[in-house]
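Here is a short briefing on the structure shown below. It takes the chains in turn and then turns to where they meet.

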Amino acid sequence: MRIGVVTFPGSLDDGDAARAARIAGAEAVRLWHGDPDLQGVDAVVLPGGFSYGDYLRCGAIARFAPVMESIIDAARGGLPVLGICNGFQVLCEAHLLPGALTRNQHLHFRNRDQWLKVEATNTAWTNRFTAGQEILIPVKNGEGCFVADARTLDQLEAEGRVVARYIRGNPNGSQRDIAGITNEAGNVVGIMPHPEHAVEALTGPSLDGLGFFTSVLRNLAADGQLAGGQK
Amino acid sequence: MARVVVDVMLKPEILDPQGQAVANALPRLGVTDVTSVRIGRRIEIDFAGEPDLDRAREIADKLLANPVIEDFEIRLVETAAAEVA
């Protein structure tokens with residue numbers, strides 16, 4: 001099972017995302033922003049950081065990277081894609097997910113361990129969780145305030161596409177405490193906090209983040225898409 | 001010579017915390033009659049030949065502004081040739 005992790009100029013958490021994929025039992029494949037070749041990976045993680053220096057808007061320029069053109073096509077065809085923090089911003093800019101991430105309401109960068117409640121557990125990235133499960137993973141962002149028009153928010157809730165909400169305090173002012181969402185098909189997930197930083201006791205506040213990575217492995221196995229299965 | 005100027009502003013219903021922070025600082029300048037400050041972005045585009053407003057609109061719609069949260073306006077501004085060069 002091969003999970004691709006993209007590196008853009010300014011990506012920070014690509015190393016941790018690749019490490020989380022390995023800890024979960026996958027082979028991590030590093031993908032480069034300027035190369036449209038996805039190297040036959042079974043899933044893709046867009047990591048956190050400040051792609052292209054956050055110039056113009058977070059994720060706005062990364063969306064046009066050669067690797068993104070391939071990822072956008074593949075995601076529409078069902079490839080599991082997880083966008084974390086800056087990766088979530090890139091997915092919104094690429095119109096793979098609705099809404100936008102804007103400056104934190106209080107203007108401060110927030111960096112802390114954050115409790116979330118998982119809601120949608122039928123996605124490619126959250127099937128190892130139980131609905132309503134409370135998890136603790138780090139959040140660290142300056143522009144993590146999720147906004148969308150009321151109709152879109154209502155639709156996300158009605159269709160069960162809110163993946164996780166902030167509990168015990170909203171760190172950035174996100175509407176309806178939304179921390180993560182999924183697309184209609186459930187293969188594309190964007191989440192503002194960082195599951196890849198909560199995969200082992202030495203460096204994280206919990207092991208709760210690992211569930212995102214083991215979920216996609218189960219999803220791929222269930223789909224019979226075991227591209228790396230013989231290895 | 002003409003230059004295309006694109007003004008990008010957050011939609012009115014989107015909270016602008018930067019603008020609010022500026023508005024909250026104004027009383028320290030002795031300004032007390034301002035009710036709202038909103039901050040946007042001005043982008044100047046120079047074409048190699050004649051300015052192409054349709055192309056500029058496409059650039060603004062696809063890249064310069066995010067239509068989910070922002071509106072934009074496009075206009076031509078006359079500039080001195082020396083300034084463009």
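Two residues count as in contact if their C-beta atoms, placed from the backbone, lie within 7 Å. On that basis, take the contacts in chain A between residues at least 6 apart in sequence: 76% of them join residues at least 24 apart. The model is predicted. Chain A has 231 residues, and chain B has 85.

**Chain A: overall form**

- Chain A holds five helices and 11 strands.
- Its C-alpha trace spans about 50 × 35 × 35 Å along the principal axes.
- A compact globule of 231 residues would have a radius of gyration near 17 Å, and the 16 Å of chain A agrees with that.
- Buried residues account for 56% of chain A.

**Chain A: the sheet**

- Nine strands of chain A make an open sheet with mixed pairing.
- The strand order is S2-S1-S3-S4-S11-S10-S9-S6-S7.
- At the edges stand strand S2 (27-32) and strand S7 (134-141) of chain A. Each has a single partner strand, so one side of each is left without a neighbour in the sheet.
- From one strand to the next, the twist averages 25°.
- Within this sheet, strand S10 (residues 178-182) and strand S11 (residues 188-191) of chain A pair in the antiparallel sense, over three bridges.
- A:Ile181 has A:Gly190 in S11(A) as its bridge partner.

**Chain A: helix H2**

- Helix H2 of chain A covers residues 66-76. Its buried residues are A:Val67, A:Met68, A:Ile71 and A:Ala75.
- Why do these residues lie on the same side of H2(A)? They cover an arc of only 90° around the axis, which puts them there.
- What do the buried residues of H2(A) pack against? They pack against five strands of chain A: S1 (2-7), S2, S3 (43-46), S4 (81-84) and S11.
- A:Gly78 follows H2(A) and has a positive phi, near 110°.

**Chain B: overall form**

- Chain B holds three helices and three strands. Along the sequence they follow the pattern β-α-β-α-β-α.
- The radius of gyration of chain B is 16 Å, well over the 12 Å that the globule rule gives for 85 residues, so chain B is more spread out than a compact globule.
- The C-alpha atoms of chain B fill a box of roughly 45 × 35 × 15 Å along the principal axes.
- In chain B, 12% of the residues count as buried.
- Of the contacts in chain B with a separation of 6 or more, 70% come from residues 24 or more positions apart.

**Chain B: the sheet**

- The three strands of chain B form an open, antiparallel sheet in the order S2-S1-S3.
- Strand S2 (41-45) and strand S3 (70-78) of chain B are at the edges. Each has a single partner strand, so one side of each lacks a neighbour in the sheet.
- The twist averages 20° from one strand to the next.
- Strand S1 (residues 2-10) of chain B runs antiparallel to S3(B), and nine bridges join the two.
- B:Val5 stands opposite B:Arg75 in S3(B).

**Where the chains meet**

- The contact between the chains takes 10 residues from chain A and nine residues from chain B.
- Which element gives the most to the side of chain B that touches chain A? Helix H1 (residues 17-25) of chain B does, with three residues.
- That side of chain B has seven nonpolar residues, two polar and no charged.

Terms used:
Residues numbered from 1 in each chain as written. Chains lettered and ligands numbered in written order. Predicted model: local features only at pLDDT ≥ 70, side-chain atom pairs only at ≥ 80, totals over all residues. Helix = DSSP H or I, 4+ residues; strand = E, 2+ residues; numbered from the N terminus. Nonpolar A, V, L, I, M, F, W, Y, C, P; charged D, E, K, R; others polar. Pairing = 2+ DSSP bridges. Axes fitted to C-alpha atoms, helices over the stretch in contact; angles between N-to-C directions. Rg over C-alpha atoms; globule rule 2.2 N^0.38 Å. Buried ≥ 20, exposed ≤ 12 C-beta atoms within 10 Å, placed from the backbone. Arc of directions from axis to C-beta.
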